[in-house]
Amino acid sequence: MARNKAQNSFLKGVLICTLLLSFTVLIAGGYWIFKTKAPTPLRMVDSKGNVLTTQEQITGGQAVFQKYGLMDYATVLGHGSYLGPDYTAQSLKIMVDAMHDQHAQAEYGKTYSALSEDQRTLIFDKVKKEMKLNRYDKTTEVLTLTDGQALGLSKVRAYYEEVFTKGDGLGIQPNLIQDNQMPKDNRAYIAPGDMRKQIADFFFWTAWLSGTQRPGDTITYTNNWPYFEDAGNTMSYSAIVWSGVSVTLLIMFIGIILYIYNRYKLHMHEAYEPGNFPVLDLHKMPVTRSQVKTGKYFLVVVLLFLIQSALGGLLAHYYTEPNTFYGMDWIAKLIPFNIAKSYHLQLVILWVATAWLGMGIYVAPLVGGKEPKRQGLLVDILFWALVALTAGSTIGEWLGVKGYLGNLWFWLGHQGWEYLELGRFWQVLLVIGMAIWLYIVFRAIRSALRKETDKGGLTHLLFYSAIAVPFFYIFAFFFNPSTSFTYADYWRWWIIHLWVEGIFEVFAVVVIGFLMVRMKLVTRASTVRSLLFQLILLLGSGVIGIGHHYYYNGSSEIWISLGAVFSALEVIPLTLLILEAYDQYKVMRDGGTSFPYTSSFRFLISTAIWNLLGAGVLGFLVNLPAVSYFEHGTTLTTAHAHGSMMGVYGMFAIAVLLYTMRNIVEPDKWNDKLLRLSCWGLNIGLTGMIVITLLPVGFMQLKHSFDFGYWSARDFSFYQEGTVNLLLWLRIIPDTIFIVLGILPLVYAVVRSMFHLRKPNVADEEVFE
């Protein structure tokens, strides 16, 4: 016992130090991003001093990009969605082509394509040097463009004037951006004047910073991304060396950590003897009023899951036919790609989060041993707040992108950031909802917290992880459309990577540990020790590992080393979770046919497997700087996103949903066979999406980027190539399996269960075991 306490105390100290060190590095790195971000000039002028554009116009263009939800159609600086082009790479090509023609006309009186090979070589080299020279004056905050760059700006404006007036035939509808959709003056975040011109100037600015060297350095503001030899953009030395270093350190640390893990037996130990499995009689399980009320949360979860997956099928179809759905053009007009993608991303976060919130509400009385007064009322209030949030934000985003909200677009419409689509008002409502949830949990476990003298004990760990859920979402309020795109992206990934991928995973592992102890399957002491060790690894690698999102978005070069090393180390805790999957399988096997949580454990095992494959293996592949340089924002990223988001967070959400529903539904009305079909359908369908379409298309796109430049790999013509197009069409097979054999049985099981909920058998304030 004394040895266990000493080990736990040591692990707690290591965890605290890990948190302090990791967040110190992350925050210091954020400050460095702020100090070294690419400048947004007060004015861009030509060689004669004529003003071409201003800071207000460029920043206004960023707001236009966000107002119309274009980050859910295409990308800027490699971040966003992948049907459309990368506007940075596309604008860079337009600018470089214009510079070639300008020099060709000035020196030879011909277009660049009409020159001899020797003449083209001379101009090619001259343009590369011209691109790299930084002509920004820090004192006056004026950027002077060469004659070629000034021509490039006019060509970029002309190109996007046509795209946003006539449409691009690939998801951008005609007259998407109209000035009469905003007031003439006093516009929210958008400058007065032509919005199409503003967005073009913003795209041009991102192209400039991606092709221009940092002051006193030999690399661009984006560390030479995107790959485009015509602009002189090739992979930097840091991307190569740190890819090798990260693999080397990964191998070394795997050995060290596996030794520690086995030497000190840092896994959960069984609390039962062989042949003496705990008896879990659901008929005698206490059920409170608030616990039964969680049923409606899970009904909403599966319905949102169904809608979200149907939208995913629609999005997959748009890659083959961007402007129609099997001849039904009205669908593409009503729900174009950017709106469908917004809903697809927002709904997955909402249904996963709702499942976890519902499970937290169910678990809280178990921890505290009683139901507080009026707990059920609070649960109802939270539920309807979430319904209002979902409905309001969904309608608001459609109205915002369609241009109906005027100056209210940011507050009630589409905020414009991928994964953070919901407007600011809906974000506030979400935080209020999470605060209500935290209060619900706290008032139920308050007595248990008082009884647990160890401030690092299991109940306290559960409470700390619950606090982190609303707390870390607050960083979504640290930026708005006027914030520098690079710096806003720094905070955006705090939400996507730290909140969704980090904090929720911390909450998940703690909850799994608590439930295993609650079911008397593992010992409490070993569980606390195991959780502390897992949290050290998860947070120690994951917090700084966020840096792999900063390689090429305009952040400084230091993130290549930090992101590469710590992203690689993220594989280790995910690998250890596969060992837990075996332990969960043993529990399921030892429990035999009488074990009531077989369906939930199947999804827990699925979660661990996808943690290794989707988040770990595929994440490691795309996060290596030498690979990321060419594939950044391609279908390989989509493969990783599906394997980690659905495979890990989605599967775990279903696992906790089934655990909770199993306890609040009449035991004799449960159908494990149907849920077994659902588990196999979801896993086979998800595997098919990745293996049949996303991975092979991703590798072909990677090679295309390497051979012809990144802009070419992101051009829609790539998706129209024979083999690629065939693979995109074949995705209909796994998509159908996923929905028909995976989701529909789950929906049916939950809907049917809602008619057979147990009656509460514990009164408010009644103490139970």
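1. Helix axes here are lines fitted to C-alpha atoms over the stretch in contact, and angles run from 0 to 180 degrees between N-to-C directions. The model is predicted.

2. Start with α23 and α25. Helix α23 spans residues 672-708 and helix α25 spans residues 722-730. Their axes lie 8 Å apart, at an angle of about 160°. Angles over 145 degrees count as roughly antiparallel, so α23 is roughly antiparallel to α25. The crossing of α23 past α25 is left-handed.

3. Now the residues at that contact. From α23 come I692, T693, P696, V697 and M700. They meet T723, V724, L727, L728 and L730 of α25. By class, this contact holds 8 nonpolar and 2 polar residues, with no charged ones.

4. The second pair is α11 with α22. These axes cross at roughly 35° and come within 9 Å. Here too α11 passes α22 in a left-handed crossing.

5. On the α11 side of this contact are V348, I349, W351, V352, A355, W356, M359 and Y362. The α22 side includes M645, M646, Y649, G650, F652 and A653. Further along α22, Y659, T660, N663 and I664 are also among the contact residues. The contact of α11 with α22 divides into 17 nonpolar and 3 polar residues, and no charged residue takes part.

6. Next, the largest pocket. Its space is about 770 Å³. The lining has 28 residues, and L366, R518, K520, F768 and E769 lie nearest the centre. Elements giving two or more residues to this lining are α11 (337-368), α14 (424-451), α15 (458-471) and α16 (485-518). The lining of the largest pocket comprises 16 nonpolar, 4 polar and 8 charged residues.

7. The model has 14 cavities of 30 Å³ or more. The second largest cavity has a volume of about 330 Å³. It is lined by 27 residues, and H497, E501, E505, E570 and L574 are the closest to its centre.

8. Which elements give two or more residues to the lining of the second largest cavity? They are α16, α17 (524-545), α19 (571-591), α20 (598-623) and α22 (635-664). By class, the lining of this cavity has 12 nonpolar, 12 polar and 3 charged residues.

9. Helix α11 packs with α22 and gives two or more residues to the lining of the largest pocket. Helix α16 gives two or more residues to the lining of that pocket and also to the lining of the second largest cavity.

How values were computed
Residues are numbered from 1 along each chain as its sequence is written. This is a predicted model: local features need pLDDT of at least 70, side-chain atom pairs count only at pLDDT 80 or more; totals for chains, interfaces and linings use all residues. Side-chain values use heavy atoms; hydrogens and water are left out. Helices (H or I, at least four residues) and strands (E, at least two) are DSSP runs, numbered from the N terminus. Angles under 35 degrees count as roughly parallel, over 145 as roughly antiparallel, 65 to 115 as roughly perpendicular and the rest as oblique. A crossing is left-handed if the near helix is turned anticlockwise from the far one by less than a right angle, and right-handed if clockwise. Contact means heavy atoms within 4.5 Å. Ala, Val, Leu, Ile, Met, Phe, Trp, Tyr, Cys and Pro count as nonpolar, Asp, Glu, Lys and Arg as charged, and the others, Gly among them, as polar. On a 1 Å grid over the protein atoms alone, a cavity is a set of points where a 1.4 Å probe fits but cannot get out, and a pocket is an open set with protein on both sides within 12 Å along at least five of seven lines; lining residues have an atom within 4 Å of a point. Grid points are joined across faces, edges and corners, and a volume is the space filled by probe spheres set on the points.
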